[in-house]
Amino acid sequence: MALRVHDVKLHKTALPGVEAMTLVSNHHFPRHSHEQFGIGVIAFGAQRSWSGVGSVSAAGGDVIMANPGEIHDGTPVDGRARGWRMIYLDPAIMAREVREEFVGPIEIVRPVARDPLLARHFAELFACLTAAQPDKLAGEENLLRSLMCLVRQHGMARPAPNGPSPCVAKAIQRLNSAPDAHVSLAELAALSGVSRFQLLRGFAREVGITPHAYLVQRRVRLARRLLADGQTPAHAAILAGFADQSHMTRAFVRQLGVTPSRYRAAVA
C-alpha cells in the first residue's frame, strides 16, 4: 500500500480576494466545488478528474481550471503523488479585471488545457503574489495579463443557466439557507414533494453529488468564511453545523487539502 503523501502550503498573497496554494499529494479529492475561480499548473505527476465535460486527465505543464460552483474531483494516476500550484480568485476580482474587455459573467469552457503561454503567465503571477516583498504594480499587471490570456483563450460569456428541476431546486434552497442546521432526507423530500429515493436520485444526477455531500460542502464554505474572519477552528465548527472540530477538520482537508488552522493562519 502506497504511503500517504500530502504536503500543502497556503501562501499569504499581496492582493485581497486572491489565494495561492502549493500542493504535493497523492490524496484523492472527492467531488466538490469552490466559491472562486481556480487556475493552476501541474508541476509533475498526473491526475484524472471528473468534470462537467466528462473525465479529463492533466499531466506536467498542463493548466487546470475551474469555475465557481463547478463540481470536480481529483485522483492521482497510479496512486503516485503529483505536484501543482493553484490560485483562487473571488468572482468579483475576475469581473473587475476583465470588465473593460468582456460584458457580463465569464465561464471557463475547459477544465484542462495545454497552453504554454498561459502557464508562463501563471508562473509569473504566482511568483508576484507570493514574493516576500511584493511589488503591487507588478502583481496587478501580472494578474490582468494572466486573466486576459485565460478568458480570451478558454473563456466565454456565461449562458443563462437552465437551473435544476423544481424539486431539486427546493432542496438546494433549503440547504443553502441554513447549512448549519440539521436536516433529514425525509424533510427535504417532503419539502420537494417527491419520495426520498426520487430526491436522492434526482439530486445526484443534476448536481453531481448527494444532498449530504452538498450540505457538508456548504458547511466547509461557511467554516472557511468564519476562519477568514478570525474565528477559532473550534468556534467555526460549531457555527458551521459540524458535530465537533475533528469532523470539520476532516471535511476541510478532504475538500480543500489544508487544515482549518493552517488556513486561518494564512488568511485571517
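**A sheet, a helix on it, and a helix pair**

Val 63 stands opposite Ala 113 in strand E11. This is a predicted model, in which local features need pLDDT of at least 70 and side-chain atom pairs count only at pLDDT 80 or more, while totals for chains, interfaces and linings use all residues. Residues are numbered from 1 along each chain as its sequence is written, and side-chain values use heavy atoms, with hydrogens and water left out.

Strand E7 (residues 63-66) and E11 run antiparallel and are joined by 2 bridges; two strands pair if DSSP finds at least two bridges between them. Helices (H or I, at least four residues) and strands (E, at least two) are DSSP runs, numbered from the N terminus.

E7 and E11 belong to an open sheet of 6 strands, in the order E1-E2-E9-E4-E7-E11, with antiparallel pairing. Strands E1 (6-11) and E11 (112-113) each have a single partner strand, so one side of each is left without a neighbour in the sheet. Helix H2 (residues 116-129) packs on this sheet and touches E1, E2 (18-25), E4 (37-44), E7 and E9 (82-89); contact means heavy atoms within 4.5 Å. The direction of H2 makes about 75° with that of E9. Axes are lines fitted to C-alpha atoms, for helices over the stretch in contact, and angles run from 0 to 180 degrees between N-to-C directions.

Elsewhere, helix H4 (residues 166-177) packs with helix H7 (residues 211-228) at an angle of about 30°, their axes 10 Å apart. That makes H4 roughly parallel to H7, a term for angles under 35 degrees. Ile 172, Leu 175 and Asn 176 of H4 make the contact with Pro 211, Tyr 214, Leu 215 and Arg 218 of H7.

Terms used:
Angles under 35 degrees count as roughly parallel, over 145 as roughly antiparallel, 65 to 115 as roughly perpendicular and the rest as oblique.
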